[in-house]
Amino acid sequence: WQEQMKAFRNKNHGMRWHPMMIRLAILLHSKSKAVYEMLRETGILKLPGSSTLSEYTKADSPKEGFQSHVQEELMKKAEKLDSNKRYVSLLHDEMTVKADLVFDRASGELVGFVSGQQDRDFNVDAQELATHALCFYVVGVNSTLKMSVGFFATGCSKAEELYPLFWDAVSFVEETGLKVVVSTSDKAPENQKLYALHGEPGEHEVCFKTVNLGNPGPDDRFIYFISDPPHLLKTIRNNLASSGSGSNTKLLWNNGHHLLWRHIADLYYQDQ
């Protein structure tokens with residue numbers, strides 16, 4: 001509020017904004033550009049112009065893949081952690097994006113193709129447009145470390161495509177001094193197939209761990225595959241909602257236990 005009072009006393013141009021106000025403005029602008037401009041035009045809040053925010057948001061152009069400067073930044077964070085706080089979970093998730101092409105004026109490239117399919121001759125018809133973005137992310141097991149390590153433009157990746165990217169991400173993180181002990185993802189079919197690829201051929205049991213091939217040490221260390229708990233609860237709730245007192249399209253139990261589990265799942269999502 002002190003910054004807002006200062007802004008209302010100054011002219012509209014030449015304002016030196018506090019870093020906290022810049023962060024707040026970027027957050028609001030990323031949520032809705034139309035609402036952000038409405039707040040500025042009505043004068044409810046004094047906020048920086050879009051051109052000012054662009055100087056901050058475009059200071060570093062993100063690139064697909066695993067970048068060396070990201071690894072250096074992650075290494076600096078790892079050096080500040082005690083040895084017992086360097087254990088991390090490697091998360092990966094694929095999100096739907098709008099399939100479209102955008103011209104990047106900084107690099108002079110057409111952005112929007114699946115990673116690795118950028119055609120320098122601009123033969124657009126021969127290329128596949130990305131419909132998803134695959135992101136790898138590390139989270140400390142017993143620390144506050146959280147950082148994105150790389151992303152890829154994909155067309156809904158298959159397990160065979162996820163496999164090499166997963167191990168590239170493990171090696172990328174292990175080289176910084178961090179120790180990957182957990183792999184977390186949702187229960188998408190391709191993620192389940194990815195975990196199954198690490199099991200012994202011919203086995204029908206669920207594969208829940210594998211030897212960490214990115215571990216540079218002499219001792220074997222395992223990576224444990226753990227599905228994202230909220231997605232597990234969501235799956236339970238959806239199945240329970242389709243049973244018994246729900247839509248009754250399937251029947252999971254003949255007794256009343258499904259009502260209890262459905263109530264527990266509802267309470268969980270209300271708490272979230």
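This dialogue works through several features of a predicted model.

Student: What is the mean pLDDT of the protein chain, and how should I read it?

Tutor: The pLDDT states the predictor's confidence in each residue, from 0 to 100. In this predicted model, the mean for the protein chain is 83, and 82% of the residues reach 70 or more. Over residues 118–123, however, the pLDDT is below 50. Beyond near neighbours in sequence, that stretch has seven contacts in the model.

Student: How many helices and strands does the protein chain have?

Tutor: There are nine helices and eight strands in the protein chain. The chain has 272 residues, of which 32% count as buried.

Student: What share of the contacts join residues at least 24 apart in sequence?

Tutor: Consider the contacts between residues at least 6 apart in sequence: 61% of them join residues at least 24 apart.

Student: Let us turn to a single helix. Which residues of helix α1 are buried?

Tutor: A residue counts as buried when its relative accessible area is under 20%. In helix α1, which spans residues 2–9, the buried residues are Glu3, Gln4 and Ala7. They cover an arc of only 100 degrees around the axis, and therefore lie on the same side of α1.

Student: Which exposed residues does the face turned away from the buried side of α1 carry?

Tutor: That face carries the exposed residues Gln2, Met5 and Arg9. As for the buried side, what covers the buried residues of α1 includes α2, residues 19–31.

Student: How many salt bridges does a search of the whole structure find?

Tutor: The general idea comes first. Side chains of opposite charge can pair when their charged atoms come close. In this structure the search finds four salt bridges. One of them joins Glu3 to Lys6, with the closest N and O atoms 3.5 Å apart.

Student: How far apart are Glu3 and Lys6 along helix α1?

Tutor: Glu3 and Lys6 are three residues apart in helix α1, so about one helical turn separates them. Glu3 is among the buried residues of α1, whereas Lys6 is partly exposed, with a relative accessible area of 36%.

Student: Which residue forms a salt bridge with Arg40?

Tutor: The partner of Arg40 is Glu37, and their closest N and O atoms are 3.6 Å apart. Both belong to helix α3, residues 33–42; because they are three residues apart, they are separated by about one helical turn. Arg40 counts as partly exposed, at 34% relative accessibility.

Student: In which helix do Lys193 and Glu190 lie?

Tutor: Lys193 and Glu190 lie in helix α7, residues 189–196, three residues apart, or about one turn of the helix. Their side chains meet in a salt bridge, at 3.6 Å from N to O.

Student: Is Glu190 buried or exposed?

Tutor: Glu190 is buried, with a relative accessible area of 18%.

Student: Finally, the surface. Which residues make the nonpolar surface patch of about 360 Å²?

Tutor: The patch is made by Phe208, Phe222, Tyr224 and Ile226. To join such a patch, a residue needs over 30% relative accessible area. Ile226 is partly exposed, with a relative accessible area of 40%. As for its place in the fold, Ile226 lies in strand β8, residues 222–227.

Methods
Residues numbered from 1 in each chain as written. Predicted model: local features only at pLDDT ≥ 70, side-chain atom pairs only at ≥ 80, totals over all residues. Heavy atoms only, no water. Buried < 20%, exposed > 50% of the residue type's maximum accessible area, 1.4 Å probe, protein only. Helix = DSSP H or I, 4+ residues; strand = E, 2+ residues; numbered from the N terminus. Arc of directions from axis to C-beta. Contact = heavy atoms within 4.5 Å. Patch = residues over 30% accessible without salt bridge, like charges linked within 9 Å, V, L, I, M, F, W, Y side chains within 5 Å. Areas by Shrake-Rupley, 256 points an atom, 1.4 Å probe, with all protein chains shown as cover.
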